Amino acid sequence: MKELILFNVYLFYGLVFFTIGCVISFRNLKFSKLAIASALPALALFGFTHAFHEWSELYLKLVGGELSQQWWIQVKLLRIAKLLISFLALVWFAWQMLDILAAPHRRWLSYLVPILLALYLSATLIHLLIFPVERSLLLSVQLTRWIFGLAGGSLAGVAMIYYARELSANHHQGAQWFGYCGVALLCYAIAAGLLSSNWGIWVPMVRMLSAFGLLLGLLQALKLFDLEYQQQIEEQQRRVMRGEKLRAIGELASGIAHEIKTPLSYATLGCDLLERQLQPDEAQQKQLQRIRHGLNRANHISQEVLHFARNSTAEVQPVDLGQVIHSALDLMQHRLKPFQVQLDLEPNLRVMGDEIKLEEVIINLVSNAIDASSDTLKLTISATAGANGIEVRISDCGSGMAPALLTQALSPFFTTKPQGQGTGLGLTICQQIIQQHQGELTLSNGDTGLVAQFTLPRSAS
């Protein structure tokens, strides 16, 4: 009876981990914007390798007594190898989770992984030198569970819990399921690292239940990817419809702008000739300056319309977003002289994009923030790595914008600036560029004024 219970426990135990590997592998995570998508293949690898380990453990439990003494060392070495490989996959998952988190101490925690490896190799070598081979192999199995099972699994579980907190802070639907996965993974790490299977059949049952809890949480958490995929399809449909509308507007505006440029050139030339023929009269010169100002303004608007209509494709390559922001601010030094600019930029924020176009976005948003500022001449620019990618926020100290106007602010030719001071195309062009980079530009009212925020996917390189 005991053998039957043991057989079913280990059979289901391995099946749970194999299912964990399958449910991740059969999901299309390629186009997901959730940062954890890049780390989940490591968890799938842990599921497959640990399933193989537990099923082979079942075989050894059933026929281990029939093995001859000459095969004992080879079997123990194989046991250590497959256990180590499966737990190394779990440590790899923990490493990747630490890399995508915005935790303040994540860089210090990432040093824990090489420390664990060094500690394991040192302890294994010491055991081989001090103890007999049989004793040393038994201790190596326990060390593998302590160092990689307990420490690595706990690190992965805590990282998933912290990731769930980041998603919840961004009001992401269903984020709590990643937290439940982290709790289940933490329970499994404790059961696999501290509890010995020699204590009774209840130990593998506790491990199996912890793994089953991880599977249930993971099934619910992975529904987020299905929901995200559906939202991406709907958003793509909206973009196509909006793109067709903007394309029609752009073609019409481009034709009008081209037709306007020729008479504008004639009018500007006529102004130049008239200025040479008239006597140096102050009133006449003032009227000419007003005419010239109007012509220059019309020419500027036609150039903005042509820029909007072209909508050229971005040349994608790895870009350091921090350098782009610094470069944009250097170009705007003449306008930023009276301002206090507060920068909060994390290092090594790399995205895939077009450096020139992203610089254009920063310049446009900063220029808008300058124009919107009132008595307090202060701008705040931050760039941080979040759960959904790299988030850039530009805040001013102005009066903000009425909620009814926020929904129209990104529409073509909409502007809140005084007449003659804005074309209403700047934010629309910025949104085009950000969408070309698989991101989204949003406007909101913050504590001090208007906040322009966009999120870009992180670069893998």
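Me: Why is Trp 177 called partly exposed?
Reply: Trp 177 has 28% relative accessibility. Buried means under 20% relative accessible area, exposed over 50%, and partly exposed in between (1.4 Å probe, protein chains only). So Trp 177 counts as partly exposed. Tyr 180 is partly exposed as well, at 46%. Bear in mind that this is a predicted model, where local features need pLDDT of at least 70, side-chain atom pairs count only at pLDDT 80 or more, and totals for chains, interfaces and linings use all residues. Residues are numbered from 1 along each chain as its sequence is written, and side-chain values use heavy atoms, leaving out hydrogens and water.

Me: What makes Trp 177 and Tyr 180 an edge-to-face pair?
Reply: Their centres are 5.2 Å apart and the planes make 85°. Rings of Phe, Tyr and Trp (its six-membered ring) pair if their centres lie within 6.5 Å; planes under 30 degrees apart count as stacked, over 60 as edge-to-face and the rest as tilted. So this pair is edge-to-face.

Me: Why is the pair of Phe 12 and Phe 212 called tilted?
Reply: Here the centres are 5.8 Å apart, with 45° between the planes, so the angle falls to the tilted class. Phe 12 lies in helix α1 and Phe 212 in helix α8, so the pair ties together parts that are 200 residues apart in sequence. Helices are DSSP runs (H or I, at least four residues), numbered from the N terminus.

Me: How do you know that Arg 165 lies over the face of Tyr 162?
Reply: Arg 165 is at 5.2 Å from the ring centre. The rule asks for NZ of Lys or CZ of Arg within 6 Å of the ring centre and within 35 degrees of the ring normal.

Note on methods
Helix = DSSP H or I, 4+ residues; strand = E, 2+ residues; numbered from the N terminus.
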